[in-house]
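Please look through the following model, first as a whole and then at a few of its side chains.

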Amino acid sequence: MVNPVQALRALQEIDVDLFQVNEELERLPAEREKRQATLDAMAAAIEERKTSMMQLKARNKEIEDTVVVQQQRIRKLEKESLTSRDVSVVEACRYEMRGLKRQIDEAEREAFGDVERIEALTAEIAELEERLEAERAVFAEYSSNVDAEIVDAQSRQADLQAKREARMSSDLDARTLD
């Protein structure tokens, strides 16, 4: 008959190994999900920047349309001032043209600022997409490694579980386990 203390010690060692394997089986999928969430966050950041860039492009187009309308208005006022003989009408046209030219200058400055931001966002998006692709390649390799480790851990778990069952049934009396 085997010494119950030695049998319990051997059983305890198996239980410790089994506990470690079970922890590994819980940790690996959680770690993979965490990395996937990081990739998803990067992709969301890229989409957010693309949306911002599209809004800036739309705003820039609106500014361009407004500038075209104001330039057409200036041409109309120039024609009107050239055909009019009344000095007050000519001065009113010139006054309105100066105001329109100021508005055009301000709008063009805004448009240039938007273009600079669009260019910066384009470069940033390209850099982020490059990093994301690199991270996805690393994640694909990591994920396949995690799958292999999970399969290995499951086989170790099955082996340890079988050893535990064998040790419990043959080496120890049921009264000792109580």
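Helices (H or I, at least four residues) and strands (E, at least two) are taken here as DSSP runs, numbered from the N terminus. The model is a predicted one, in which local features need pLDDT of at least 70 and side-chain atom pairs count only at pLDDT 80 or more, while totals for chains, interfaces and linings use all residues. Residues are numbered from 1 along each chain as its sequence is written, and side-chain values use heavy atoms, with hydrogens and water left out.

The protein has three helices and zero strands, and from the N terminus on its elements run α-α-α. Its radius of gyration is 37 Å, well over the 16 Å given by the globule rule for 178 residues, so the protein is more spread out than a compact globule. That radius is taken over C-alpha atoms, and the rule is 2.2 Å times the number of residues to the power 0.38. The C-alpha trace spans about 130 × 30 × 15 Å along the principal axes.

Contact means heavy atoms within 4.5 Å. Of the contacts in the protein with a separation of 6 or more, 89% are between residues 24 or more positions apart. The accessible surface comes to about 12700 Å², and carbon and sulfur atoms hold 52% of that surface; the areas come from the Shrake-Rupley method with a 1.4 Å probe, and for residues only the protein chains shown count as cover. Buried residues make up 25% of the 178, where buried means under 20% relative accessible area, exposed over 50%, and partly exposed in between (1.4 Å probe, protein chains only).

One of the buried residues is D114, with a relative accessible area of 0%. D114 is found in helix α2. Which residues does D114 contact, leaving aside its neighbours within four places in sequence? They are L56, R59, N60 and I63.

Helix α2 (residues 87-171) also holds F139 and Y142, which are three residues apart and therefore separated by about one helical turn. A search of the whole structure finds one aromatic pair. The ring centres of F139 and Y142 are 6.4 Å apart and the planes meet at 40°, so this pair is tilted. Rings of Phe, Tyr and Trp (its six-membered ring) pair if their centres lie within 6.5 Å; planes under 30 degrees apart count as stacked, over 60 as edge-to-face and the rest as tilted. F139 is buried at 13% relative accessible area, and Y142 also counts as buried, at 13%.

R35 lies over the face of Y142, 3.9 Å from the ring centre. For a charge to sit over a ring, NZ of Lys or CZ of Arg must be within 6 Å of the ring centre and within 35 degrees of the ring normal.
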